[in-house]
Amino acid sequence: MRLPIRLSPLFAAWPFAAWTVLVVAAISPAQADDPATATLGLAPPEGATTLFDGTDLEAWQPFSWQWINPDDDQNEIQWKIVEDGAMQIAFEFNGKRRKQFLRTKREFGDYRLHLEFQLPEDGGKGNSGVFFGPLYELQILDSGQKEEAGLGDCGAIYQIRPPDVNACLAPGAWQTIDLEYQAAEIGRNGFMTESGAARVTVRLNGKLIHDDVRLSLRRNKYAAYPEGPTSPIVLQEHGSPVKFRNIWVLERTDDP
């Protein structure tokens, strides 16, 4: 069966060769009939930056909010790599409880992000999140049992927009996030232009949950974080041992 392919307008201008790699990989015969696993285990295409492949955490550094850690003195990563080649949130460091997010050392502009996560089967609500752009949060939460997802449920752009459909799977299953982000256009005055808001398209477990959404509304608790042409990708620690694996990012390039 041949599936129709619709590229979001966000990335329609990307180099054809790069998209050919992505499209062919995304609809391999073994996966084409099951949209829930459409990109599970998808290898990074040529030109992508691998952020985590199960071997090390070299692409990451600790990140914490100024009101939590005003001295910004977390120099060592307390997250751990577990036996199944995933990274897992850890809550203690040298015997002391400490809250720690992770952020990429590099910052990115326009990109496609692929990430896989697993909610714990016995860890409460499996609360976590992925921050993109100037700290827009894509919520990770055990909310697959709901008929309709809200502003704080899995797949929501937290406190900004609920997902169009609830595509969250049950705890214990590996799930996929494929996110296409276009950074805001910044004017000479250092602020976002009137028509240049950031945009995002998101698929959760192969299902389209945000379709070329304009991110002009900033009403979450990170709204004061400055808009900019580049930004890190951040993983949230929120009191639950969520796992992550197979994380890579493909940056947009205008080179021929």
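# Notebook: a hairpin, its rings and its core

**Entry 1: the hairpin.** I began with strand 9 and strand 10, which form a hairpin with 3 residues between them, and I noted that G133 in the turn has a positive phi of about 60 degrees. The model I am reading is a predicted one, and I return to its confidence in the last entry.

Entry 2: I then looked at L135, which lies in the loop between strand 9 and strand 10. L135 has a positive phi of about 70 degrees although it is not a glycine. I wrote this down because most residues other than glycine have a negative phi. L135 is also buried, with a relative accessible area of 1%. For contrast in setting I looked up Q159, in the loop between strand 10 and strand 11, which is not a glycine either and has a positive phi of about 60 degrees. Q159 is partly exposed, at a relative accessible area of 30%.

**Entry 3: strand 10 and its sheet.** Which way do the residues of strand 10 point? I found that Y136, L138 and I140 point one way while E137 and Q139 point the other way, and that all of them are buried. Since 5 of the 5 residues of strand 10 are buried, I recorded the strand as largely enclosed by the rest of the structure. I next traced the sheet, an open one of 5 strands in the order 2-7-14-9-10, with antiparallel pairing. Its edge strands are strand 2 (60–63) and strand 10, each of which pairs on one side only. I therefore keep two notes on strand 10 side by side: it is an edge strand of this sheet, and it is largely enclosed.

**Entry 4: the rings.** I counted 6 aromatic pairs in the structure. One of them joins Y111 and Y181, whose ring centres are 5.5 Å apart with 45 degrees between the planes, which makes the pair tilted. Y111 belongs to strand 8 (residues 111–118) and Y181 to strand 11 (residues 174–182), so this pair ties together parts that are 70 residues apart in sequence. I checked both for burial: Y111 has a relative accessible area of 0% and is buried, and Y181, at 0% as well, also counts as buried. Y181 has another partner in F132, and there the centres are 5.7 Å apart and the planes stand at 70 degrees, so the pair is edge-to-face. F132 lies in strand 9 (residues 128–132), so its pair with Y181 of strand 11 ties together parts 49 residues apart in sequence. F132 is buried too, with a relative accessible area of 0%. Putting the ring pairs together, I saw that they link F108, Y111, F132, Y136 and Y181 into a cluster.

I also looked up Y225, in the loop between strand 13 and strand 14 (234–235). Y225 is partly exposed, at a relative accessible area of 29%. From Y225 to Y136 is 89 residues in sequence, and 9.5 Å in space from C-alpha to C-alpha. Elsewhere, I noted R245 lying over the face of W174, at 4.0 Å from the ring centre.

**Entry 5: the cores.** How many residues are in the largest nonpolar core? It has 43, and those with the most contacts inside it are M87, F117, F132, L179, F244 and I247. Among the elements that give two or more residues to this core are strand 8, strand 9, strand 10 (136–140) and strand 11. A second, separate core of 5 residues includes F101, F131, L135 and V234.

Entry 6: The protein chain averages a pLDDT of 82, and 76% of the residues score at least 70. Confidence is highest in strand 1 (residues 49–52), at a mean of 98, and lowest in helix 1 (residues 16–26), at 40. The pLDDT is below 50 over residues 15–33, a stretch with 28 contacts in the model beyond near neighbours in sequence. Residues 1–9 also stay under 50, and for them the model has 14 contacts beyond four places in sequence.

Definitions and conventions: Residues are numbered from 1 along each chain as its sequence is written. This is a predicted model: local features need pLDDT of at least 70, side-chain atom pairs count only at pLDDT 80 or more; totals for chains, interfaces and linings use all residues. Side-chain values use heavy atoms; hydrogens and water are left out. pLDDT is the predictor's confidence in each residue, from 0 to 100. Helices (H or I, at least four residues) and strands (E, at least two) are DSSP runs, numbered from the N terminus. Contact means heavy atoms within 4.5 Å. Rings of Phe, Tyr and Trp (its six-membered ring) pair if their centres lie within 6.5 Å; planes under 30 degrees apart count as stacked, over 60 as edge-to-face and the rest as tilted. Buried means under 20% relative accessible area, exposed over 50%, partly exposed in between (1.4 Å probe, protein chains only). A charge sits over a ring if NZ of Lys or CZ of Arg is within 6 Å of the ring centre and within 35 degrees of the ring normal. A nonpolar core is a set of buried Ala, Val, Leu, Ile, Met, Phe, Trp, Tyr and Cys residues joined through side-chain atoms within 4.5 Å. Two strands pair if DSSP finds at least two bridges between them.
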